[in-house]
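Please read them alongside the coordinates.

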Amino acid sequence: MKKAKFLSLLMTVALIVAVLSACAPLGTGGSTGTQTPTPGQSTQQPGTPDDKKPEPITFTMFVAGPGEAPPANNKIIKKIQEITGVTIEFEFLVGDMEQKVGIMIASGDYPDLIGAGQARGRFLNAGSFAALDDYLPNYPNLWKHYEPYLDRLRSISPDKKIYILDIWGREYWLNDGEDQYYEGDYNGPAFWIQKDVLAWDGYSNPTKLDDFFDLLERYYKAHPTIDGQPTLPFEVHSQDWRSFCLKNAPQHLIGGRNEGDVVVKPDTLEVEIYQNKWYAKDYYKKLNEAYKKGLIHPETFTRNYDEYLKVISQGRVLAMFDQHWNFQDGESVLVGEGKYERTYVPIGVSFDGTPMPYNRYKSEGIIGGNGMGISKTCKDIERALQFMDTLLEEDVHRLMYWGIEGEDYYVDANGRLRRTPEQKANFDNPDWRLANSGIVLGDQFPKLEGRYSDGNSCSAGTQPEERLENQNEYDKKFYQQYGFYGRSDFLPIMKDPGYPEVWSIFSTMEDDNIAKPIFDQITDLQNRYLPGVIMSDDFEAAWAEYVARYENIDYRALEEEVERQIRERMTIY
Amino acid sequence: MVTKSLNRRSEFFKQARKQKSLILISIPYFIYFFIFSYLPLWGLTMAFQNYKPQLSFFEQEWVGFKHFQNLFTDPDFYRVMRNTLGMSLINLTLSFVTAIGFALLLNELTGEFYHFKRVVQTISYMPHFLSWIIVCGLVSGVLSMDDGIINELLLKLGLIKEKIHFMGKPELFWWIVGFTNVWKSMGWNSIIYLAAITSIDPCLYEAAAIDGYGRFGRMWHITLPGIKSTIIVLLILNAGWILNAGFEIQYILGSNGLVLDVSETIDIFVLKRGFGRSGGFAFGTAAGMFKTVASTVILLLCNKIAAWLDEERLV
């Protein structure tokens with residue numbers, strides 16, 4: 001039939017067009033990806049002073065984490081624009097990270113810069129980043145920043161090249177015996193509790209799990225409402241990837257660091273999954289009891305992240321297991337309103353009352369993979385690196401993390417950077433900070449931590465004089481009662497065990513690693529069952545069913561694989 | 001093309017010339033569908049590969065039907081199919097019954113109630129224009145235990161002793177979805193039935209009134225048979241969508257561990273597996289392909305059944 005012939009011809013044409021169009025973006029993507037850098041050819045010779053004003057350029061940046069883009073008229077960012085010529089257009093994550101990132105990878109449509117966050121593994125495995133090995137030595141500040149840790153940067157990628165530059169963890173110390181006063185506040189996982197609850201209990205420190213919940217119960221009975229709203233004694237957030245609030249406590253209760261989904265025995269490096277172990281059971285049993293007593297509101301499991309932040313910002317959540325950065329946006333509303341008694345401190349809760357360090361350990365350098373990268377489709381890799389290099393200049397860095405001298409801080413007779421109470425109050429207000437500070441920018445790029453060469457702190461919040469003087473009256477009195485310097489002192493400090501936190505191994509695992517599907521299954525099972533276990537009428541039965549399902553998963557293969565990778569990384573560390 | 005002359009080619013061009021303007025008019029549509037409906041079909045090849053986005057098409061590893069095998073042996077797949085079909089049936093039944101019922105009731109408002117009818121109709125289809133994210137916000141607010149109006153109401157009426165955690169009860173989830181759909185789309189769906197009703201010959205009503213039928217009699221014997229063909233066409237159309245139980249509402253309201261088992265539809269499954277897990281593009285594509293093929297089969301089947309019943313058909 002002629003008709004059929006015509007049709008088949010048409011289909012052939014269609015197919016050819018399809019092949020061509022399908023290949024085109026990949027082809028171009030590949031060619032930029034393999035572009036070899038030619039050192040010395042960059043438009044701006046690094047290290048030499050610029051005579052002329054740099055050409056304006058705009059980089060797009062996706063950040064795989066929460067945040068808000070600064071307004072265009074932010075005074076600091078404007079200044080940095082004048083210095084570098086670079087404008088950064090931020091896109092922060094909204095909604096589900098895995099899906100957002102998956103779509104980005106599938107389309108090959110990358111921004112110039114990528115704040116990899118928890119999605120580092122997805123980006124690495126998809127080959128989204130440009131390798132920076134040959135570029136780094138050309139940028140003196142960046143090179144100084146990363147040179148001691150090149151192996152760690154390389155260790156996380158499938159082909160052992162540098163793709164992600166850590167933005168946290170590179171600290172500069174003067175070793176003059178005063179360094180410890182410059183450490184930042186503890187930001188990691190812990191049982192966080194409102195200061196007022198502790199103050200009401202005579203400034204106690206309930207490090208025993210039973211005491212902790214007992215205190216919540218007593219306080220709740222005495223204060224059924226806060227500011228007219230019902231009190232929520234304990235929140236268990238469990239949405240999407242933030243379900244670490246639900247799951248990660250047991251590892252710390254027995255003294256472990258934040259490894260994610262496994263516990264590592266420090267001496268033998270044996271790895272074990274813990275969501276089905278006794279310490280997990282004891283913990284969830286406690287939560288089940290708390291639920292039955294009404295200390296955990298059932299809606300805690302159905303609240304989305306925004307609603308979670310909302311109830312925290314209302315000041316009516318007494319305690320939760322979380323990482324500080326995850327609920328910070330809710331807490332900073334309380335700080336802005338001056339409700340310091342409703343802000344939180346970490347407690348090192350354990351089963352027997354021994355205070356546990358949680359994730360407070362003296363880190364020895366960067367982890368590797370905890371940062372940002374330059375996408376292979378970036379319009380100008382050298383300019384981007386030049387920009388990052390400039391941000392590490394102490395003057396520029398001070399601009400970002402302290403502000404403008406005379407406006408945001410002053411320098412006293414001893415050359416110390418100081419702030420007036422008003423200047424600090426401004427800074428504590430998140431809205432002000434977004435519009436007037438460079439922190440939003442700096443946080444997404446490699447940064448200096450610790451102390452500048454002149455001895456001042458690298459960021460305003462950790463300047464010791466200030467912490468003592470400008471601490472609000474409530475906090476001053478509160479910490480005095482304990483004889484503490486700040487909230488971190490609630491937790492004992494532990495030694496760096498010498499291998500990277502295991503979650504970073506998980507998140508950079510290659511796609512076809514055998515542990516990957518097992519990990520997905522385990523995550524799925526936990527997210528699906530644990531809320532039900534906590535809310536169950538018959539805890540033992542619910543737990544038994546959950547553990548039985550756990551046994552259907554070949555989690556031992558995962559334990560072995562993780563153990564193997566830890567041993568591999570030990571040699572680099 | 002009835003004649004099978006030797007010179008069919010010239011015949012073809014002759015006809016083409018005659019229909020020149022028609023062909024010209026159809027070109028933009030042809031291009032549109034080619035680009036947006038046919039070209040993407042190429043992506044289905046992913047379902048048969050061990051697809052890795054960083055490799056070019058020729059570097060991909062072909063794995064045959066492996067992903068389909070995985071799909072059909074995946075217990076989660078049967079769970080999401082159950083959810084999809086369950087919610088679809090509830091949606092379909094509720095939305096049909098309410099939309100038709102609403103149209104019938106509105107139709108009875110005549111004469112002095114005419115303005116009231118217009119107001120009711122306008123208000124009733126307004127929710128159709130709200131985005132799901134807003135609707136879901138409203139639903140979770142209304143059903144909240146904190147200060148949700150439903151819980152307050154039931155409590156005040158003495159119907160319940162303590163507040164119900166609506167959003168955390170798996171057995172309620174499908175119904176919440178169903179009734180939210182009703183609220184959102186009942187007014188909109190009824191428009192088409194109201195339009196169909198206006199085409200019924202008024203003489204029939206007069207005749208029925210003379211024969212002694214009351215309001216309900218006329219509804220049952222005149223109005224409903226009058227819009228029967230519309231109902232069946234819409235039923236066939238909607239049956240083709242039976243695997244589209246929705247996406248947004250389940251995704252927004254059902255993503256917590258308590259109701260996840262009953263909330264995930266096939267669309268969410270495709271999204272989560274396809275984009276949510278590394279290396280899942282191929283598996284997600286296979287699942288999506290299954291859905292498309294199954295939907296087409298169901299649509300054709302419904303069409304056959306309609307033909308068999310000697311009713312209106314689509315194709």
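**Notes on the predicted model**

1. In helix α10 (residues 215–226) of chain B, the buried residues are Arg218(B), Ile222(B) and Thr223(B). They sit on the same side of α10(B), because the arc they cover around the axis is only 85°. That arc is taken over the directions from the helix axis to the C-beta atoms. An α-helix has 3.6 residues a turn, so residues three or four places apart point the same way. Here and below, a residue is buried if 20 or more other C-beta atoms lie within 10 Å of its own, exposed if 12 or fewer, and partly exposed in between, with C-beta atoms placed from the backbone. Helices (H or I, at least four residues) and strands (E, at least two) are DSSP runs, numbered from the N terminus.

2. The buried residues of α10(B) pack against α4 (75–107), α8 (170–198) and α9 (202–210) of chain B. Exposed Phe216(B) and Pro225(B) are carried on the face of α10(B) turned away from its buried side. Contact means that the C-beta atoms of two residues, placed from the backbone, lie within 7 Å.

3. On provenance: this is a predicted model, in which local features need pLDDT of at least 70 and side-chain atom pairs count only at pLDDT 80 or more, while totals for chains, interfaces and linings use all residues. Residues are numbered from 1 along each chain as its sequence is written, and chains are lettered from A and ligands numbered from 1 in the order in which they are written.

4. Chain B as a whole has 15 helices and zero strands. Its radius of gyration is 26 Å, well over the 20 Å that the globule rule gives for 315 residues, so chain B is more spread out than a compact globule. The radius is taken over C-alpha atoms, and the rule is 2.2 Å times the number of residues to the power 0.38. The C-alpha trace of chain B spans about 65 × 60 × 35 Å along its principal axes. Of the 315 residues in chain B, 30% are buried.

5. Where chains A and B meet, the contact takes 36 residues from chain A and 27 residues from chain B. On the chain A side, α22(A) gives the most, with eight residues. By class, that side divides into 14 nonpolar, 12 polar and 10 charged residues. Ala, Val, Leu, Ile, Met, Phe, Trp, Tyr, Cys and Pro count as nonpolar, Asp, Glu, Lys and Arg as charged, and the others, Gly among them, as polar.

6. Chain A is assigned domain 1 (53–162 + 366–471) and domain 2 (189–360 + 493–570), with bounds from an automatic or database assignment. The C-alpha centres of the two domains lie 29 Å apart. In the contact between them, 17 residues of domain 1 of chain A meet 14 residues of domain 2 of chain A.

7. In strand β13 (residues 344–347) of chain A, Tyr344(A) and Pro346(A) point one way and Val345(A) and Ile347(A) the other, and all are buried. Strand β6 (residues 189–194) of chain A pairs with β13(A) in the antiparallel sense over four bridges; pairing requires at least two DSSP bridges. Ile347(A) is the bridge partner of Phe191(A).

8. Two backbone angles deserve a look. Asp227(A) is not a glycine but has a positive phi of about 50°, and counts as exposed with 10 C-beta neighbours inside 10 Å. Asp240(A), also not a glycine, has a positive phi of about 45°, and counts as partly exposed with 17 such neighbours.
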